[in-house]
Amino acid sequence: MKMDIDCIRDILLQAEEKSFMASRRYNPTPEEKEEDDKNFPYIANYESDKLFYHVNLADELGLIKVNKTLGGTAVYDLSAQGHLFLADIREENVWNKTKEISKQVGASSLDTVKQIAVNVVSSLISGYFQK
């Protein structure tokens with residue numbers, strides 16, 4: 001599966017707001033889906049396999065804190081690195097510019113996206129002081 005950087009960001013946003021469980025084969029009833037949409041707005045629209053894959057990827061990358069169980073992976077918080085990364089990509093305008101530049105340069109590794117986000121923020125700060 002390809003890494004979906006939007007999914008990683010949504011996992012970070014959700015983990016910051018409320019802990020959650022990701023499992024490989026979660027097929028909610030319509031009532032459970034409605035409840036998930038309310039309680040987990042950032043991740044509710046991802047297929048369970050994709051969410052599970054990206055939660056484990058975010059864990060391997062050191063962005064989140066998890067407890068692994070037989071039923072799946074419980075995400076209970078962001079790591080220090082996750083907080084720092086999310087602080088740079090939280091705002092939609094920064095995130096959209098970061099993705100745009102990533103696509104233009106043809107590089108989308110997490111390290112590259114982090115570097116681009118830092119530069120986008122730095123550019124916005126410089127523009128603010130040049131006023």
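The model is predicted, so local features need pLDDT of at least 70 and side-chain atom pairs count only at pLDDT 80 or more, while totals for chains, interfaces and linings use all residues. Residues are numbered from 1 along each chain as its sequence is written, and side-chain values use heavy atoms, with hydrogens and water left out.

Six helices and three strands form the secondary structure of the protein chain; helices (H or I, at least four residues) and strands (E, at least two) are DSSP runs, numbered from the N terminus. Along the sequence their order is α-β-α-α-β-β-α-α-α. Of the 131 residues, 37% are buried (under 20% relative accessible area, with a 1.4 Å probe and protein chains only). Among contacts (heavy atoms within 4.5 Å) with a separation of 6 or more, 59% join residues 24 or more positions apart.

Now to the empty space. Rolling a probe the size of a water molecule over the atoms shows where such space is left. A pocket is an open set of points on a 1 Å grid over the protein atoms alone, where a 1.4 Å probe fits, with protein on both sides within 12 Å along at least five of seven lines; lining residues have an atom within 4 Å of a point. The largest pocket holds about 390 Å³, a volume being the space filled by probe spheres set on the points. Its lining counts 18 residues, with Y26, P28, D36, A44 and Y46 nearest the centre. At least two lining residues come from each of β1 (20-22), α2 (30-39) and α3 (48-60).

Conventions: Buried means under 20% relative accessible area, exposed over 50%, partly exposed in between (1.4 Å probe, protein chains only).
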